[in-house]
Amino acid sequence: MTSPLEQKKIKITGPSVVTANRTWDGIVIYRTARQDWSAKLSDAAIVRTSDEARALLAESVADDVGAVGAYIAPVEIKESGKIKPGNLREHIRLQGVTIDLPVPA
Amino acid sequence: MYAYDELDRTLINERVEEFRDQVKRRLSGELTEDEFKMLRLQNGVYLQLHAYMFRIAIPYGTLSSEQLRRLAHVARRYDRGYGHFTTRQNIQFNWIKLAELPDALGDLAEVGIHAMQTSGNNTRNVTSDQWAGVAPGEIEDPRIWSELIRQYTTLHPEFSFLPRKFKFAITASPHDRAAIKIHDIGLRLHRNAEGETGFEVLVGGGLGRTPFIGKTIKPFVHGRDLLSYVEAILRVYNQYGRRDNIYKARIKILVHELGIDKFAKEVEDEWQEMRDSDTALTLDDAMIEDIRSRFTYPAYEKLPHTPEELKKAAHDPLFERWRKNSVSTHKVQGYAIVTLSLKPVGGPPGDATADQMDALADLADKYSFGEIRVGHEQNLALPHVAKRDLPALWNALDKIGLATPNVNLVSDIIACPGLDYCSLANARSIPIAQELTRRFANHETADLIGRLHINISGCINACGHHHVGHIGILGVEKNGEEFYQITIGGRADENAELGALIGPAVPYGEVADVVEDIVEAYLALRARPDELFVDTVKRLGVEPFRERVYATR
Amino acid sequence: MPLVKDGKITGDEFIHVADDAEVPGGGAILLSSTRFLGDPEALSRRAGKTGVIWPNNRDLDDLVPYLDRLAVVALVFPTFRDGRAYSQARLLRERHNYRGELRATGQVLRDQFLFMLRAGFDSFEVKKPADAEAFAITVKRYSVFYQPTGDGRMTALHRRMMLRHSESASP
Ligand code: SF4
C-alpha cells in the first residue's frame, strides 16, 4: 500500500472516493456529494473519471479547517450497490485494526 | 531518578501553553494544516490512519511510578486504555483527539513529562542504556550526560529546523544496549589514558532507506567540551545537509557524500572557531555536578548475594525459567535488574494497558524504589529489586501478564505499529509478530534456540529496526499485496551490523513458515548449542541458510 | 507585509532595488547578494544606507569584509521549515560581530519569532499581519532557556549556578 499521501498525478482506474481525517479529533471521514464530510463510507460521493476525482479532491482540500490530508482512494462497488474499500489500507481505516485491541472497546 | 527543578518545570508548562495556543489557532483556521503540521510534529503529534497519534518522550528511559501512573491516566482519560512503547524510549497513544491534546499535555506536565521534539526535523528524544546507573562495569551514569544533552537540544533556537530528524544515543557500558551505532550521533563514554572521562563520538549511523553504521568522528571529546562539539556537528549539518530530497537529508548521507574525513575536518574547523570565541558552552565541573546531584539513587541495604527466598524458589522450574532470562546482575550485591517482557504470546509487541501500568507502578513502589525503565527492545525494567523479593515480584508480575519468560528469546520480537496504525506503512507488522510468538510459544524450544532477536518494520522507515535484527522482516508492497523481505545476521550492539537479504520477498501468509525454516536451519548448522544465531550466520554467511530455506520454495 | 523592528510594527525605510534597476545615489536600499557582489566596494560606500539580501545557501565569507558598512543584512527563510538562516544569523552576530540590522525575510511566522530573536535577528518582515501584532506577546512566552546564544539571556544551567552561589553565600 504505497502511501497515497503524496498523490502527484491524479489518475483513477475505477470508482473512487475522497477521504481524509477530521481535524479536531482525527477520525476517518469521506467527502459526500453535498460538499460535506461523513464518517460513513456509504455517504461518500463516488467518482469514476479522473476529472471528477480531481474536482472532488480540489473541493475537499479547500476545506483546510475541517479536514486533514484529503486524498483519493479506490473503492469497490458490490452488485448490491454496497461500497467497499478498494484496498487493505482503506479497509483498515474503515474497519479499524486487524488485531484485537489490548483493551476491548 | 532525575528531579526536575523549578526551571525545568516552568519551561515544560510554557511549552504546553504555547501548544495550546497553536492548537487553538489551527482549529479556528488561523493556521493552515501546512503551517500547523510542523508545529504539531515538534510536539509529537502525527496523523495516522485512524486518528492522531501522540508520542511522549521518556528521556533516557527513566520513569517514576508517579509518572507511569500519569501515563495510565492519559491512556484512560484521553485514549483507549493502552499505550505502545517504541524502539526509542517513547510511548505512543493511538487514538488521541487534537482538541483534547493540550489538556493531556497539561496533565503530563504536572509530573514532568513532555512530548517536545518527539518528532519533526529537530533533535529527538535522547536515548540511553535502560540499565544506566545500575549496570555493573559502567564508567558512570550516562543519564547525567543524556540530561545535559536533553536540555541543550530542547527548543534550540538554531537547530529546530534541521534538514531532517536527528537522534542521539548514549552508552557508558562496554556492552551497548542503547544501539549508539545506528544513531545520528552516538556517544560512548570512556576514560582516556589520563583517566579523564569523555566521549567517543560516532556520527552518521541510521537505518531507513539507506542504512549506515555510524563512524567514529572523534575518539575522545572531553566531557566539558561535549556540548560545543555537538554544536559544531549540528551547525555543519544545518548548513550543508541536503534539503532538496527528503530521502537524502539525514546526516548519514552528508557524512557519506563528503566522506568521514572531510566531514570531520569541517566539524573540527567549526569547533576550533567556536572554542576561541565562545566559551558559553563549556561545562565546568560545578554545572556537571549540579545535574549529577539531581539524579538520586536508592538507599540500598546490605543484602546477601543469594538470599534464602531465592534458593527456595529455585526449585520451581517456572520461576527459574523466568529468572534466567529476565533477571540481570545489578552493580549492588543483593539486588537485581528485572526486565519485564511486553511480548506476551499472541500480543502486540510493546503495548501495555493502563491497568498494567498502574499495577506496575505499585510494584515499582513496593520492590524497586519507585523506578521503572524503558528499553529500546520495547520492554520495561525494574532497576533496583532486592533479590529476596524476586519470587514475590514474579508472582505479582505473572498476575498482570508481565512475566512472560521470553526476554532476549525468539518471541521477544521488536515490531513497529505497521499498517494497522501507521499511515506510511506498506504492510502489517503486528499480526506477523503475533503469529511468530504463537509458533515459538513453547518455552523449551525457545530455550533451545537461545538468544535471537526478530525485528519487524512495516516499511523502509525501519522503526522496527529490521536491518539490525538477527532476523529482520520488512514489509513491502507488490501489486497491492503485502510482501516481506527477510534479512539475517543484523545486530544493534557494539558489533552492530546490517543484515543480509536471504531471498526473494514472501507473501504475508508465508512469513512465519520461512522464519521457522531459518531457525531450523540454524539449529542444524550451529557448531555448538551455545553458538548464537548471529554467530552462526557470521561464520557461515547467508548462503547455507538460503539453500535450506529456499530449496523447496 | 508588516515590518516588526525592535519589537514594534514600523514602516520600512528600505526600498528593494531590482537587479536590473538603477541604484539610487541616496536613500535606504536593499540589494540582492548578486547585485551587491557585482561591485561591493562602491555599493557599500554609497551615500544612502545599503542593505543586502543574503540567500541561505551562500557562504558568509563573501559578505564579511563589508559588514561594518552595511545598514541591513536580510537573511531568507524560503520556507519556514528551512532553518539555515538561523545559523547564518548567529555567525554574523556572534562570530563576525555584525551590529547592524539583521532582518528575517521570507516565510516569517509567529511560532518562529523567539527562535529568530535568540539567533540574533532584530527585525522581521512578517507574513501575516495578525502575527506581527502578536509579536510582543509571543516573544514573552518563554522565561527559561537552555542554550547560550548571542542574545545574552542566561541559560538554566547558569541560573542554577547563580542560585547555588547565593544560597551558599547566605549565612
Ligand atoms: S517502519 Fe514504516 S510502517 Fe512501521 S511505524 Fe515506521 S513508518 Fe510506520
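Helices (H or I, at least four residues) and strands (E, at least two) are DSSP runs, numbered from the N terminus.

This is a predicted model, in which local features need pLDDT of at least 70 and side-chain atom pairs count only at pLDDT 80 or more, while totals for chains, interfaces and linings use all residues. Residues are numbered from 1 along each chain as its sequence is written, and side-chain values use heavy atoms, without hydrogens and water.

Buried residues of H12(B) include Ala354(B), Met357(B), Leu360(B) and Tyr367(B); buried means under 20% relative accessible area (1.4 Å probe, protein chains only). After H12(B) comes Phe369(B), with a positive phi near 50°.

Chain A and chain B bury about 2600 Å² between them, 63% of it on carbon and sulfur atoms. Buried area is the accessible area (1.4 Å probe) that two parts lose on being put together, summed over both. Contact means heavy atoms within 4.5 Å.

| Chain | Residues in the contact |
|---|---|
| Chain A | 27 residues |
| Chain B | 39 residues |

One salt bridge crosses the interface of chain A and chain B: the side chains of Asp64(A) and Arg26(B) meet at 3.5 Å, N to O. The rule asks for a side-chain nitrogen of Lys or Arg within 4 Å of a carboxyl oxygen of Asp or Glu. On the side of chain A that touches chain B, strand E1 (16-22), strand E4 (67-77) and helix H2 (88-95) of chain A each supply at least two residues. H2(A) gives the most, with four residues.

Key: Chains lettered and ligands numbered in written order. Buried < 20%, exposed > 50% of the residue type's maximum accessible area, 1.4 Å probe, protein only.
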